[in-house]
Amino acid sequence: MAHGVGLVQVAAVTAPAPTLEADGLYRFYRAGDEETQALRGVELTVSTGEFVAITGPSGSGKSTLLACLAGLDEPDGGTVRVDGVRISHRPQAERTALRARLIGMLFQSGNLLEHLTVRANIDMVQRLAGRPDIAWRNTLLDGLGLTGRGRARPAQLSGGEAARAGLAVALANQPAVLLADEPTGELDRRTERQVLDLLRDRAGQGTAVVVASHSPAVAVAADRTIALASGRLQ
Ligand SMILES: Nc1ncnc2c1ncn2[C@@H]1O[C@H](COP(=O)(O)OP(=O)(O)OP(=O)(O)O)[C@@H](O)[C@H]1O
């Protein structure tokens with residue numbers, strides 16, 4: 001009996017829990033007689049601490065997949081779970097609340113509200129998540145080399161600072177899952193390297209990181225790369 005319990009404990013330690021699970025995702029767009037099958041039965045499991053890159057040609061479904069994983073969009077079929085909680089097939093308000101609590105989103109641009117300081121951008125995300133945490137905000141600013149830039153507005157930041165501030169906002173709610181869509185598309189090589197190091201570091205701290213990108217550097221930085229073509233995993 002005691003031996004059995006021990007085995008269960010060992011299994012729990014050696015097999016990381018799936019933080020993000022997409023089961024049989026379908027998404028169709030219809031316009032008149034035209035139908036685009038953007039996702040066709042995508043299965044994806046990402047474990048705690050894993051960094052997964054999603055590659056694929058333009059139009060292969062990367063952004064649609066990320067939007068469904070984030071609960072920004074509803075799949076026509078299939079289920080998305082984050083930390084064991086189903087986020088798909090719920091009213092939009094519930095999806096928004098779950099996203100605020102469980103998920104960080106990082107885009108190529110647009111992560112920062114222009115009229116708010118960097119600090120206020122972070123505070124707003126924390127408030128939406130119901131987790132105000134000044135200590136974590138300061139840890140993020142320090143860790144991302146933004147000490148002293150917290151009172152700046154986005155227009156006052158350099159490109160690299162803005163990229164790091166966008167990441168600070170994406171991590172403000174200490175998300176179980178970080179989803180990024182072409183986060184380094186507009187960055188120079190050095191800043192891209194910096195952002196990828198930070199994403200790797202985040203995965204090392206236990207976040208499941210999923211990045212859709214055309215950049216070979218993202219695939220190199222990831223633990224695992226999956227390729228989409230015409231809405232299917234290859
Ligand atoms: N809102 C929409 N209405 C109709 N069709 C759409 C919509 N959004 C995406 N599509 C179509 O769905 C398919 C997948 O698009 P998606 O944006 O997910 O691809 P992607 O791999 O992210 O492309 P890119 O690398 O160019 O950003 C494409 O054929 C696209 O034209």
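Analyst: UniProt positions are given here in the numbering used for this chain, and such annotations may be inferred rather than shown by experiment. The model itself is predicted. With that in mind, an unreviewed UniProt entry lists "domain: ABC transporter" for residues 20-234.

User: What makes up residues 20-234, in terms of helix and strand?

Analyst: Over that stretch the chain is 34% helix and 29% strand, and its end C-alpha atoms lie 19 Å apart. The chain has 8 helices and 10 strands.

User: Why is the chain called as compact as a globular protein of its length?

Analyst: We set its radius of gyration against the globule rule. The rule gives 17 Å for 234 residues and the chain comes to 18 Å, which is close, so the chain counts as being as compact as a globular protein of that length. Along its principal axes, the C-alpha trace spans about 60 × 50 × 35 Å.

User: How do you know that strands E1 and E2 pair?

Analyst: Pairing takes at least two bridges between two strands. E1 (residues 18-31) and E2 (residues 34-47) are joined by 11 bridges and run antiparallel, so they pass that test. One example is Leu25, whose bridge partner in E2 is Val42. The two strands form a hairpin with 2 residues between them, and Gly32 in the turn has a positive phi of about 60°.

User: What makes E1 and strand E4 a pair too?

Analyst: Here there are 5 bridges, in the antiparallel sense, between E1 and E4 (residues 77-82). Two would be enough, so this is a pair as well. Across it, Glu21 stands opposite Arg81 in E4.

User: Which residues touch the most other members of the largest nonpolar core?

Analyst: That core has 60 residues, and Leu69, Ala168, Val177, Leu179, Val210 and Val211 touch the most other members. Helix H6 (residues 159-170) gives the most to the core, with 7 residues. In soluble globular proteins, nonpolar side chains tend to be buried together.

User: What is Leu69 in contact with, and what makes something a contact?

Analyst: Two residues are in contact if their C-beta atoms lie within 7 Å. Leaving aside neighbours within four places in sequence, Leu69 meets that test with Leu20, Ala22, Val80, Leu179 and Val210.

User: Which residues surround the ligand?

Analyst: They are Tyr29, Thr36, Ala38, Gly56, Ser58, Gly59, Ser60, Gly61, Lys62, Ser63 and Thr64. E2 and helix H2 (62-69) are the elements giving two or more residues to this shell. The largest share, 3 residues, comes from H2.

Terms used. Residues numbered from 1 in each chain as written. Predicted model: local features only at pLDDT ≥ 70, side-chain atom pairs only at ≥ 80, totals over all residues. Helix = DSSP H or I, 4+ residues; strand = E, 2+ residues; numbered from the N terminus. Core = buried A, V, L, I, M, F, W, Y, C linked by C-beta atoms within 7 Å. Buried ≥ 20, exposed ≤ 12 C-beta atoms within 10 Å, placed from the backbone. Rg over C-alpha atoms; globule rule 2.2 N^0.38 Å. Near = placed C-beta within 6 Å.
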